[in-house]
Amino acid sequence: PVLVVDFGAQYAQLIARRVRECALYSEVVPHTMSAEEMLAKNPAAIVLSGGPSSVYADGAPSLDVALLEAGVPVFGICYGFQAMAHALGGTVAHTGGREYGHTMATITHTDSILFDGQPAEQAVWMSHGDGVSEAPTGMTVCARTPGAPVAAFEDAERKLFGVQWHPEVLHSTHGQEVLRNFLLNGAGLKAEWTPANMAEELVAQVREQIGEGRAICGLSGGVDSSVAAAMVQKAIGDRLTCVFVDHGLLRAGEAEQVKEDFVAATGVDLVVVDASERFLEALAGQSDPETKRKIIGREFIRVFEQAARDIVGAESDSEHPVEFLVQGTLYPDVVESGGGTGAANIKSHHNVGGLPDDLQFKLVEPLRALFKDEVRQVGLELGVPDSIVWRQPFPGPGLGIRIIGEVTAERLEILRAADKIAREELTAAGLDRDIWQCPVVLLADVRSVGVQGDGRTYGHPIVLRPVSSEDAMTADWTRLPYDVLATISNRITNEVSDVNRVVLDVTSKPPGTIEWE
Ligand code: XMP
């Protein structure tokens, strides 16, 4: 792999993505990992990320020079660039030229590998207080900016490269080309991490892990669990059983979509458990968001465990009992749970990851090396239908957290009808891929006065929450065309009884979250 060493900034994951966009496999490792361990991973190249520190600060993450002397190509970015300069005997100083944000870089070395094929002046995005004032011996200085006389250097022979700015952010107009030049020309790597190769390799890994064993998979109908199931199915065929828990909080047509589209495309063995009554009973009288989330999470696990026991029971006298559990865990989840410190618990996200230890399954997580967009590509490669691969995110607790107030069967029906209309109209307007998702929320405890026909109404508002986002960590409200909003509003107020008002949520995240609960 190409290792991205995380020096503690938020950029490491983004760098890993950018490396993968060059069709090379990359992994993020913490800077606390020893050089020996990193080298034991047999890295094809190493990228040192930016970080918040000054190399002279107390407790500043250090760079083991052994990493630079192992013959592995290295590319330092921002803090990584300075750490590299420092480790190789250059000088890092408070240059006085603090630069934050946009600036212009001038390429000063015409035969540079990093800047080959690029204009001599390019916009770059900076964030540094210190700077390299003297490059280490043997390094050719390739660029400067108004605040940094040594803004990039390279040594083609030792395959060591670095830039002071952040090539991974889009504000650096030629950043991706700089990174690609390092990987393909500086390090001499071949771009081979394509969706077809990824799929093939991962299927082979699953086959090896499970051997002759049997597996079960909790299928939600979402992209991740569907692609994971398709992959395992490809690897072990009918030794995989999928369990779909219908908690009664699904949108219209959802259970059918999983049954028809997914099973038709993959031929997977599917067990559907209808647990809607159980969930409704458990949710009765509850209106606190966290309580609702916890109840839904708990019930889900119980139902799933029971279904798993039933399957295990049914298989127990066969030669190979079910011993593997398939999960659609993605790379960001892995990195986050490995390195997340001090992250506030904003909401208790429900997923199968909360399964108790005593379930005693071995986990199969075939997507744990992938980002969402890669999962989609692999899914298409595996023949998962478009309707599932391009689905927008939908929260595990479903409509249960989109009814503000107590969840009841009647309220679910109202929300389901309104949500169906909103989705139909967004699809008809061709907007599905322009928005990240559009929660439709029922303010069940709010009533307002309206007039319909000749009479007064006293109904509930429906909230439309269309958002644009890259990863759901931050989001902005989507400026949907007025005519589309008008059609949705007209249809909902006309067709859904008890709803006499439709409002638009114009809040970004932060300060709002995407879901209302
Ligand atoms: P928030 O509301 O935290 O949502 O801004 C971020 C993204 O996560 C989805 N979401 C969930 N997904 N289980 C899930 O699988 C959950 O409990 C859950 N809660 C929120 C939400 O739809 C959005 O895409």
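I count angles under 35 degrees as roughly parallel, over 145 as roughly antiparallel, 65 to 115 as roughly perpendicular and the rest as oblique. Axes are lines fitted to C-alpha atoms, for helices over the stretch in contact, and angles run from 0 to 180 degrees between N-to-C directions. Helices (H or I, at least four residues) and strands (E, at least two) are DSSP runs, numbered from the N terminus.

The model is predicted, so I take local features only at pLDDT of at least 70 and side-chain atom pairs only at pLDDT 80 or more, while totals for chains, interfaces and linings use all residues. Residues are numbered from 1 along each chain as its sequence is written.

Entry 1, domains. I looked up the domain assignment, whose bounds come from an automatic or database source. The chain is given as domain 1 (2–186), domain 2 (195–389) and domain 3 (402–504). Nine residues of domain 2 and eight residues of domain 3 form the contact; residues are in contact if their C-beta atoms, placed from the backbone, lie within 7 Å. I sorted residues by class: Ala, Val, Leu, Ile, Met, Phe, Trp, Tyr, Cys and Pro count as nonpolar, Asp, Glu, Lys and Arg as charged, and the others, Gly among them, as polar. On the side of domain 2 that touches domain 3, I find four nonpolar, three polar and two charged residues.

Entry 2, helices 1 and 4. Two packed helices are described by the angle between their axes and the distance between the axes. For helix 1 (residues 12–21) and helix 4 (residues 175–186), the angle is about 65° and the axes are 10 Å apart. Helix 1 and helix 4 are therefore roughly perpendicular. Arg18, Val19 and Glu21 of helix 1 make the contact with Gln176, Leu179 and Leu183 of helix 4. These residues divide into three nonpolar, one polar and two charged.

I note that the axes of helix 5 (residues 195–210) and helix 11 (residues 372–381) come within 9 Å and cross at roughly 80°. This pair is therefore also recorded as roughly perpendicular. From helix 5, Pro195, Ala196, Met198 and Ala199 meet Glu374, Gln377, Val378 and Glu381 of helix 11. The contact of helix 5 with helix 11 holds five nonpolar, one polar and two charged residues.

How do helix 13 and helix 14 run, roughly parallel or roughly antiparallel? Helix 13 (residues 409–428) and helix 14 (residues 482–495) have axes that come within 9 Å and cross at roughly 150°. That makes helix 13 roughly antiparallel to helix 14. Helix 13 supplies Ala417, Ala418, Ile421, Ala422 and Glu425, and helix 14 supplies Val484, Thr487, Ile488, Arg491, Ile492 and Glu495. By class I have seven nonpolar, one polar and three charged residues in the contact of helix 13 with helix 14.

I checked pairing next; two strands pair if DSSP finds at least two bridges between them. Strand 7 (residues 140–145) and strand 8 (residues 148–155) are antiparallel and share four bridges. A hairpin of two residues joins strand 7 to strand 8. Threonine 145 has alanine 148 of strand 8 as its bridge partner.

I found an open sheet of five strands in the order 12-11-10-13-14, with parallel pairing. Strand 12 (269–274) and strand 14 (362–364) are the edge strands, each pairing on one side only. Direction ignored, neighbouring strands of this sheet are turned by 30° against each other on average. Strand 11 (residues 240–246) runs parallel to strand 12, with six bridges joining them. Valine 243 stands opposite valine 271 of strand 12.

Most residues other than glycine have a negative phi, and most peptide bonds are trans. Which residue has a positive phi although it is not a glycine? I noted asparagine 42, with phi about 55°. Asparagine 42 is in the loop between helix 2 (35–40) and strand 3 (45–48). I also noted a cis peptide bond between lysine 509 and proline 510, with omega about -15°. Another cis peptide bond joins proline 510 and proline 511, with omega about 10°. Proline 510 is in the segment after strand 21 (499–504), and proline 511 lies in the segment after strand 21 as well.

Notes: Contact = placed C-beta atoms within 7 Å.
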